[in-house]
Each structure stands twice: as structure tokens, then as C-alpha cells.
Amino acid sequence: MSAATKNLWGSIPVVAKTKTPLTILREQGRILEEETGGILVGIVTTRTSAQGEMVHNFYIQAPLLGDYSHLLLSVLHGATMFPMEVHFEGRKAPAKNMETFERLLGGILKKPSTREVINSLLVQSGAL
Amino acid sequence: MILCEHADRTAHIETALNKAAPSRRTSFVKPVLASHSSLALFSRLTHGRLSPVTEHRHCLVHALARSKGDELLIASVHLQSPLHQSANDLLLLAQESANLIRDQERQRGHRQTLVVGDFNMDPYHPGMIASHAFHAVMDRRLAMEESRMVQGLEHHFFYNPMWSRLGDDSQGPPGTFFYRKASPECHFWHVWDQVLVRPAILRHFDGARLSVIAQVGGTSLLDHRGRPNSKKYSDHLPIVFEI
């Protein structure tokens, strides 16, 4: 006699497809490429740190300058994504949810120092 | 030539180098972006052969064009002094610089890389040996295995020849930096100035041609106690190698 199979999981919720910090960084990279006509691109690299965190590095890359890459910011988070840390210009800021992350990211991308980097790379690439 | 702590004197240094050896023009390799780095590169290579790849406060990476489609990555590092950092801080800084270098290797599709500079760590510091940091080993044959698996992830080796430059029986002085303090643990001599070589270019690296320089021409860089003459020259001794 075989015992009936029981589902001990209970109901596993179907997770709606949501954006992650990585997808947002990649999107911003594509927007940079579109806005500059491909003269600059945004590249994201991902790795696991010794502490087990996911580390996403966001680079602004200039293909016409031999793929020169400027590390703009790093995002560090655990398996649960939040809370996370955003590292920029030697400082770090915490983000406890996606809204805070997007606000922080927007602030960094609009910063005068970031614009300065973009302008400098565009000028040296012969675009301005 | 790679200098750390050049104190914004690149023009002066460039002039001095060209005065000392006028037959071959030496130029300061200008950074792409306004840099807060304490590192400066000087080169005698023809224009265009050495190009910046990325610049960071503690690490500059340049590509040296060899033959068509072939290049060498030269990473210059100057990590912060352990006199002002904890050992953990230094490990994290080492990880950050090593990750920057690994990112560039991945983006450029090769590991023909050497890293040189003032690491402010000895070859046996966790920041030099840990797999997530520089992962630099003392054994050339081990380095030639290229990588090892740690907790399910592949980590590539650097070879660190500076292990052979520690202590009295090494070639040259016992280290590249001397620091005495009145605390129980004091190493006195350190080898903070190092070069690391990836296995892909190790066949071009001759350890016998790596030197810690204690004398330039007839001038000793050491004081009467045999330690770096920081009053007249520098508290570090330079290293020289060929590849």
C-alpha cells in the first residue's frame, strides 16, 4: 500500500517579475549608450565577495578611447537584495528598498562630478 | 617607471629624467580624468603604445600594446599605509583593487597582467594571499596551475617573486621599507613594494633580474645603519625588473 504524496511546501507564491538593482544598472547603461550615440556605454560586472555579498560594479566605458573604463559606483547586497550599500567616490550609502536605491542612483548619475566624467570622456572621444 | 607619492611634481620629475638621460625622451603618462591618485607613470615608449585602461584612487591600469591585437595590462597600485589603517581595512582595499584589475582582464579578454607598486602589505599579508584579494603565491610552479577552486568559485593566481626578497639571505637589503616601533610585534623590515605576475606572462619574467635597489650610480640610498635614507631620498627602496 503506498502512502499518498503530501505537499509539505504549502503554497509557493508565484513571484511577479520585478526589477533588480542589476537590471536597473544595466538599463541605465543602455540609456547612456543611446543618449551618447554609442560613444559611451555603461558596463556592469558582477561577482561574489569573500564575505558572500553580490558586488555589482558600474563602469562608464569609452570605446573610442581603447575601451577606457571609469568605475562610477559599486552596489553590494546579500541574497535578499535589501538592505544594500551603494559605494561612490569613497563613500557608502545604505538603501533599504528599491525606492531608496533608485533615488540614490539617480542622485549619483546627475551629480556634477559624474557629468564632468561624461563630458571629459565625450570630449576626448572627439564627440564634443 | 612608476612612482607613488609623487606629490604633484610630475613636470619636475619628467624634466629631471630627461636631463639625466637626454638620448631617450621620457614622458609623464597623463591620466584621462583629473585624478586624485598618488601614482604617476613615466614612459619611454612611443606615443600610443601605453594607454590608460582605468584609473582609481589606489590603482591605475594601462594597456601596453605589444604586437597586433596583443597587449599587456600593467596595474600600478598604491594602497593606504597600515600605519593609518587596520589589517581588515587593508584587506578590503586589496580586494577592491584586485577586483578592479580582474574586471579589466575580463573586459579585455586576457590575463596578461602584472601588478606593481607600494601595496603597503608584506607578501604574507591576507590582502596579498587571499583568493578574493590578490591571490599571489610564492611558488612559480603552483602559479602555473593558473587557478584553484575555493568554495565553488575559480580564483586565478598571481606569482609573487617578492617572497624571495625577504630577509638577510635575499639579494640586496632585507626589505624595501624599515619601520621600528616600541610594540611587542615589530617586523622592522617590510617588503611592501612588490611586483605580481600572471602565469600567462610568467615565461617572460626572470626572477634573477628583479632587484631591490640600494645604490644608484655611486650613490647609496641607505643610511649608515643600512636602512632606507628617508631624510635624503625615500623611506622606500625602489624595485626594478624586466619582462
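Visitor: What makes β3(A) and strand β4 of chain A a pair?
Guide: Four bridges join β3(A) to β4(A), residues 84-88. Two strands pair if DSSP finds at least two bridges between them. Four bridges meet that cut-off, so these strands pair. They run antiparallel. In β4(A), A:Glu85 is the bridge partner of A:Leu76. Six residues lie between the strands of this hairpin, and A:Met81 in the turn has a positive phi of about 70 degrees.

Visitor: What kind of model is this?
Guide: This is a predicted model: local features need pLDDT of at least 70, side-chain atom pairs count only at pLDDT 80 or more, and totals for chains, interfaces and linings use all residues. Residues are numbered from 1 along each chain as its sequence is written, while chains are lettered from A and ligands numbered from 1 in the order in which they are written.

Visitor: How do you know that β2(A) pairs with β3(A)?
Guide: Count the bridges. Nine join β2(A), residues 54-62, to β3(A). The cut-off is at least two, so β2(A) and β3(A) pair. They run antiparallel. A:Ile60 has A:His70 in β3(A) as its bridge partner. This hairpin has five residues between its strands, and A:Gly66 in the turn has a positive phi of about 65 degrees.

Visitor: Why is strand β3 of chain A called mostly covered?
Guide: Eight of its 10 residues are buried. A residue is buried if 20 or more other C-beta atoms, placed from the backbone, lie within 10 Å of its own; 12 or fewer makes it exposed, and anything in between partly exposed. In chain A, 20% of the 128 residues are buried. In chain B, 36% of the 243 residues are.

Visitor: How many helices and strands does chain A have?
Guide: Three helices and five strands. Both are DSSP runs, numbered from the N terminus: helices are H or I with at least four residues, strands E with at least two. The pattern reads α-β-β-β-β-β-α-α.

Visitor: How does chain B do against a compact globule?
Guide: With 243 residues, a compact globule would have a radius of gyration near 18 Å; chain B has 18 Å, so the two agree. Chain B has four helices and 18 strands.

Visitor: How do you know what α2(B) should span?
Guide: Take 1.5 Å times one less than its number of residues. The 22 residues of α2(B) should span 32 Å, and its end C-alpha atoms are 32 Å apart, so the values agree. Just after α2(B), B:Gly109 takes a positive phi of about 75 degrees.

Visitor: How many residues of chain B are in contact with chain A?
Guide: 20 residues of chain B are in contact with 18 of chain A. Contact means C-beta atoms, placed from the backbone, within 7 Å. On chain B's side, α2(B) gives the most, with eight residues.

Methods: Two residues are in contact if their C-beta atoms, placed from the backbone, lie within 7 Å. The radius of gyration is taken over C-alpha atoms; the globule rule is 2.2 Å times the number of residues to the power 0.38.
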